[in-house]
Amino acid sequence: MLIDSHCHLVHEKYKESIEEIIKDAKKFGVEKFIIVGTSIEENKKAIEASGKSEKIFCSVGIYPHENIEISLSDLKKSLEENLKSSKRVVAIGETGIEMPLWENGRTLDKQVELLEMHLNLALENKLPVIIHNRNGNEEVYALLKKYSEKGLSGVMHCFTSDWDYAQMILDLGFCISFTNIITYPKKEQLLEVVKNIPMDKFLLETDAPYLPPQSLRGEINYPKYVKIVAEKVAQVKQKTLDEVSECSYQNTCKLFKI
Ligand SMILES: [Zn+2]
């Protein structure tokens, strides 16, 4: 049994319904889904979708470059309203650091501020966080260290860094999540992380509609392809697909208390 711990099923790229996507995923053994919100608008849709099926959970958060015109306090208020409105919200995020800066995006200082707001909110509500990190190793580590000391837990999603950094993150009590990037060529450094990570510390995800497996590059990604991530992890760790599926399923359920 598999769970896609991070997907964006309310994304406009999908022409089919969520029900169809879920039905299709079931054929690949994917039973549960966490729909991750990235903006005020998407958070609302994610909550709505999670209310329709007991297989779907969601998270709410603001991506580093989303809703830039809205003040930090108003963003916080919006997330608090999300939390009040639904019991299906199992995490705060995704949020974090995205470098290099986007045109018309947030400055690094503003991204750090936004990230810290999420970490506080997660602590206050006793929820784990889903961290996005592109080239923000230093900033992300400093904040996660500070907040993990206060009891915060979570996952660094779509991990792409090396084993040294992975160990630092694991030492904070955080989990690491792998996408189909591990099937892409020239990812030796990342595969070392896959190889070394303890079985109780990793999650699997698709980040669909982004990041399709190598065999489907350029196409839209779907939760069913989390099975390909699991197969690659199994191959690298020299475990069976069942062992990897079972462990990642349990790890995800434990982290998100589902
Ligand atoms: Zn994502």
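Aspartate 207 is buried, with a relative accessible area of 8%; buried means under 20% relative accessible area, exposed over 50%, and partly exposed in between, with a 1.4 Å probe and protein chains only. This is a predicted model, in which local features need pLDDT of at least 70 and side-chain atom pairs count only at pLDDT 80 or more, while totals for chains, interfaces and linings use all residues. Residues are numbered from 1 along each chain as its sequence is written, and side-chain values use heavy atoms, with hydrogens and water left out.

Aspartate 207 sits in the loop between β8 and α8. Its phi is positive, about 60 degrees, although the residue is not a glycine. Leucine 211 lies in the loop between β8 and α8, and its phi is also positive, near 55 degrees, in a residue other than glycine. Proline 209 is found in that loop between β8 and α8, and a cis peptide bond with omega of about 10 degrees joins alanine 208 to proline 209. Another cis peptide bond runs from methionine 99 to proline 100, with omega near 0 degrees. Proline 100 belongs to the loop between β4 and α4.

Now consider the whole chain. The protein chain has 9 helices and 8 strands; helices (H or I, at least four residues) and strands (E, at least two) are DSSP runs, numbered from the N terminus. The radius of gyration of the protein chain is 17 Å, close to the 18 Å that the globule rule gives for 258 residues, so the chain is as compact as a globular protein of that length. This radius is taken over C-alpha atoms, and the rule is 2.2 Å times the number of residues to the power 0.38. Of the 258 residues, 55% count as buried.

In helix α1 (residues 18-26), Ile18, Ile21, Ile22 and Ala25 are buried. They cover an arc of only 95 degrees around the axis, which puts them on the same side of α1; the arc is that of the directions from the helix axis to the C-beta atoms. An α-helix has 3.6 residues a turn, so residues three or four places apart point the same way. The buried residues of α1 pack against β2 (30-36), α2 (40-50) and β3 (56-60).

In helix α7 (residues 188-196), the buried residues are Leu190, Val193 and Val194. They span an arc of only 100 degrees around the axis, which puts them on the same side of α7. Glu188 and Lys195 are exposed on the other side of α7. The cover over the buried residues of α7 includes α6 (163-171), β7 and α8 (226-237).

Notes: Contact means heavy atoms within 4.5 Å.
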